[in-house]
Amino acid sequence: MKLQNVGILGVGSALPTKIVTNFDLEKIVNTSDEWIRTRTGISERRIVAGSQTTSDLAAEAARAAVEAAGCTIAEIDLILVATISPDTIMPSTACFVQEKLGAKNAAAFDLSAGCTGFVYGLAVGCSFVRSGMYKRVLVIGAEVMSKFLDWTDRNTCVLFGDGAGAVLLGPAEEPGFLSFKLHADGSMGDLLITPAGGARLPASKETVAARQHYIKMVSGNETFKFAVRVMGEVVQQALDEAGLVKEELDFLIPHQANLRIIEAARKRFNLPPDRVVVNINRYGNMSAASIPVALDEAVKNGRIKRGHLLGFVGFGAGLTWGAVIMRY
Ligand code: ACO
C-alpha cells in the first residue's frame, strides 16, 4: 500500500487576554519575581477569566488553523485534543470542540500524554492521514492549567499558564512529516500527578480538603534532570530515523517548561540560540499547548517559513517524551 505524504496545512493559536505577572504572584504566595525569572525564565503567563474553558481556547485556535489552511469546517474528518486539563473527565474536550466548531463530519477524541501531548497527537493525526483513512485532521494542544493549580503551592502555581495551539494536517505533495520517536516510562508516573478525582482516588470531601484534586509535582529537580537528558537524546533518535543531521535543522521548537532546561538541552545538543524557538518568558508552561503556540508565533512573525526543517520535542507527565522531525 502506498502511504500518503502528510503536511501541516495551517496553524493557529488562542491565548487568554488576562496577564498575570510574577509581581502579581508575589502577592499570593511566598515567592519573588527574581526567583521565578532566574529559576524558570518566566516573567508572566496568561490565565483565563470567568467560565472560559479548555474547549473555548481549543475551538478558537482550531478556527484560526482551518482558516490559515484555506479549508472549511465541514472538511474536518477528525478532531484530536491533547490535554491534561479537560473540560470534564467525561465526555472528551474534543467533543465539546466539535460542537463549538459545528464540525458535523468530524470524529473526536482526547489524548493524554502530559506536556508531550501535542507531539503524541501529531504522530496519531499524521498516521490517520498517511494511511488514507482521513484527509483533514485537527491536532490541538489546549490547556487551562490555572483551574487545576493549587494557588497556595508556590512549587507549582508559578510555573504554568493557559493557552491553545492547533494545526490542520492533510495530504501533501512532498513528505512533510519525516520521523516520530515517542517514549514513556510509567515507573515515574507519581512525579507529576493530579492524585484525586479518578478511579484510584475518587473525589470526596477528604480529597478536596487535602487539595489532592490539584496538580502535584513531587520532585521538580528530578524532572529537570530527566528532561535535559532525554530532550537531546530523542531529537537525535528522530534525526537518525529521518536520515538527517542536526546541522540541517532550521528550528527546534521545544516544550517550554523551564528556560534552563531548554538552554541545557540546546547546549548539550550544540545548537546556536537563534535556531531554538523560545517564548516561555511570556506564557509559562502551557503543557500540551506550548509547542503549537510557539510554532504559530514563529510562523506569524515570519521566522519559520515553508520548506524549513523543524524539530518538535516534548517531555512531561507520565513520564512521556518524544520528538518529531518535519519539513514545514
Ligand atoms: N518561589 C520561591 N522559592 C521557591 C519557589 C517559588 N515559587 N518554588 C520552590 N521554591 C523553593 C523550594 O521550596 C526549595 O526551597 P528549599 O531548598 O528551602 O527546600 C527551593 O526553592 C527549590 O530549589 P531547587 O530545587 O534548587 O529549585 P530548582 O532550581 O530545581 O527549580 C523548578 C525548581 C523550577 C521546579 C525546576 O526544578 C524545574 O523547572 N523542574 C522541571 C519541572 C517541570 O518541568 N515540570 C513540568 C513538567 S511538564 C508536565 O507534564 C506537567
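Contact here means heavy atoms within 4.5 Å.

The model is predicted: local features need pLDDT of at least 70 and side-chain atom pairs pLDDT 80 or more, while totals for chains, interfaces and linings use all residues. Numbering starts from 1 along each chain as its sequence is written, and side-chain values use heavy atoms, leaving out hydrogens and water.

Now show the whole of α8 (residues 220–242) and α9 (residues 259–269), which pack at an angle of about 45 degrees with axes 9 Å apart. Helices are DSSP runs of H or I, at least four residues, and strands are runs of E, at least two, numbered from the N terminus. Axes are lines fitted to C-alpha atoms, for helices over the stretch in contact, and angles run from 0 to 180 degrees between N-to-C directions. The two helices are therefore oblique to each other (under 35 degrees is roughly parallel, over 145 roughly antiparallel, 65 to 115 roughly perpendicular, the rest oblique).

Next, select α3 (residues 54–69) and α4 (residues 93–101), whose axes come within 9 Å and cross at roughly 55 degrees. That makes α3 oblique to α4. Thr54, Ser55, Asp56, Ala58, Ala59, Ala62 and Arg63 in α3 meet Thr93, Phe96, Val97, Lys100 and Leu101 in α4. Six nonpolar, three polar and three charged residues make up this contact.

Move to the ligand. Of the 24 residues around the ligand (a heavy atom within 4 Å), Thr31, Cys115, Asn221, Asn258 and Ala317 come nearest.

- Thr31: a polar side-chain atom lies 2.6 Å from a ligand nitrogen atom.
- Trp35: a side-chain N or O atom is 3.4 Å from a nitrogen atom of the ligand.
- Ala317: a backbone N or O atom lies 2.6 Å from a ligand oxygen atom.

Finish with the backbone. Most residues other than glycine have a negative phi, and most peptide bonds are trans. Select Met90 and Pro91: the peptide bond between them is cis, with omega near 0 degrees. Pro91 sits in the loop between β4 (78–82) and α4. The bond from Gly318 to Leu319 is also cis, with omega near -10 degrees. Last, Arg211, in the loop between α7 (205–209) and β10 (216–217), has a positive phi near 60 degrees.

Note on methods: Polar contact = N/O pair within 3.5 Å; in protein donor to acceptor, adjacent residues only side chain to side chain. Nonpolar A, V, L, I, M, F, W, Y, C, P; charged D, E, K, R; others polar.
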